Amino acid sequence: MSQTTLTAARLAALVDGFDRSPAYAGLADALRELIGDGRIGYGTRLPSERDLTEALGVSRTTVTRAYARLRDTAYAEARQGSGTFTRLPGGRTRALDRALWPSDVGNGVIDLVCAAATAPPGIAALYAEAAAELPAHLGSHGYFPAGMPALQAAIAARYDARGLPTDPDQVIVTPGALAATAVVGAALAGPRDRVLMESPTYPNAVQALRSGGGRLATTTLDPLGWDLDAIGAALARHRPRLVHLMPDFHNPTGLVMSEPDRAAYARLLARHDAIAVVDEAHHLLHLDEDPAFVARRPFASYSKDAICVGSASKSVWGGLRLGWIRAPHALVDRLTRARVGLDLGAPVLEQLVLTRLLTSSMDDVVAIQRTRLREQRDALAGALAERLPDWEFRMPAGGMALWCRLPASGATALSTEAERHGVLLAPGPSFAPEGGLDRYLRIPYAIAAPQLVEAVDRIADAWAVVTSGRTGSPTPPSGSEPVLVA
């Protein structure tokens, strides 16, 4: 692998205007932000101290102390005889490792990695009713690769009610939305095909959608919404087969796509012969009274080739491991064949539970979840405003998390320090398929309000350590990594 070297002149241009009181600290802070955001790549060789001293017009001591601070905070390392090279706290895959490896979150540790709520009241009763119904199905083989017919019909009816006419045979039931996404990737995106993902995005969907070997391309999601001009340019440049998007309470940003933008986006997809894979896992979680959102049509209403992916995990309970695909008739056979290559069907008991839920009590259960999430969202926002007033976030109208912009880069370092304070966090780079976003942090509000307030107190203490430059070893004290499952 070729080694990247940054010239002193280029680095001087990148840090132009850095705070010079004191200069070494300002230079170090500017460099940390550039490295954390990915504008200076991981493993890049920095200019020699002498060259950078001349380019910046500062003393040699200033550069020496700035480089030392970078090394002390794990944003650089010195290699004998080779120079100073950029790195990130915990290494290149620090965020990815935290997303994939399990961690013991007991002993008072607050888990803010997983954005999933506990089960609402009434779920145990539904399981009991379904268990009583189960014996009637024991005389069959129990395999339903496309789903039990009654559940397919119940899911189709939900789409009908949203203004998207759907036949039951357009529905394929899967063990969760992630499995549904993997089926789509395996069926429709081979090694020669491009898969276009938003950045930031839900990280587990990236690998799932590439399960058939599709090559990743990304388009930046603007903090204020979808930049359709940029998306059109990305479609023209990459010619993707599949385009993954979350128009309803996007994870992690919480954004909602307007109806005019849905229509315009669908026209772009049709023009470039791309298929939308629409993640609708959060669409029921609207927390504010907004009749316009409730009446908003599904993205697939505008895009006849779109594939919808849904789930009961976010709106009901993560332990109800069922999701589904709603696909155009022309793609159902291909998707079903791909699904059989991965597994032969979802558990019968859970399908009975979800059928009962969808046909009898779904609206009541979701209303309970919305009330809980609304109270928790408001508690989290209030605690952040009080303890970390210089952090920025847009109050989401729904979904399960705040997407916070920090005053400076350091989300990865904060996640390490926060673990020492008993909080597990998912920093922005976890949601960036091609790197960057170290100035952002996702904080779910899926746990009880008192825990959220306590978590913010701990995060504020950890942030004070990070911003003071007093952070210790980048290795977390537990020696293990939390899973980003939602």
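These questions and answers walk through a loop, a sheet and a cavity in a predicted model.

Residues are numbered from 1 along each chain as its sequence is written, and side-chain values use heavy atoms, with hydrogens and water left out. Because the model is predicted, local features need pLDDT of at least 70 and side-chain atom pairs count only at pLDDT 80 or more, while totals for chains, interfaces and linings use all residues.

Q: Is His250 buried or exposed?
A: His250 is found in the loop between strand E7 (242-245) and helix H11 (259-271); helices (H or I, at least four residues) and strands (E, at least two) are DSSP runs, numbered from the N terminus. Buried means under 20% relative accessible area, exposed over 50%, and partly exposed in between (1.4 Å probe, protein chains only). His250 has a relative accessible area of 2%, so the call is buried.

Q: Which residue's side chain makes a polar contact with that of His250?
A: Contact means heavy atoms within 4.5 Å, and, leaving aside neighbours within four places in sequence, His250 is in contact with residues including Pro200, Leu221 and Trp226. At 3.0 Å, the partner is Glu198.

Q: How is the peptide bond from Asn251 to Pro252 set, cis or trans?
A: Most peptide bonds are trans. Pro252 sits in the loop between E7 and H11. Omega for the bond from Asn251 to Pro252 is near 20°, and that makes the bond cis.

Q: What is the phi of Phe249?
A: Most residues other than glycine have a negative phi. Phe249 lies in the loop between E7 and H11, and is buried, with a relative accessible area of 2%. Although Phe249 is not a glycine, its phi is positive, at about 55°.

Q: How much space lies in the largest cavity?
A: On a 1 Å grid over the protein atoms alone, a cavity is a set of points where a 1.4 Å probe fits but cannot get out, and lining residues have an atom within 4 Å of a point. Grid points are joined across faces, edges and corners, and a volume is the space filled by probe spheres set on the points. The structure has 2 cavities of 30 Å³ or more, and the lining of the largest includes Phe249, His250, Pro252 and Arg442. That cavity holds about 70 Å³.

Q: Which residue in E13 stands opposite Ala426?
A: Strand E12 (residues 423-427) and strand E13 (residues 440-444) pair in the antiparallel sense over 2 bridges. Opposite Ala426 stands Arg442.

Key:
A polar contact is a pair of N or O atoms within 3.5 Å; within protein, one must be able to donate a hydrogen and the other to accept it, and residues adjacent in sequence count only if both atoms are side-chain atoms. Two strands pair if DSSP finds at least two bridges between them. On a 1 Å grid over the protein atoms alone, a cavity is a set of points where a 1.4 Å probe fits but cannot get out, and a pocket is an open set with protein on both sides within 12 Å along at least five of seven lines; lining residues have an atom within 4 Å of a point.
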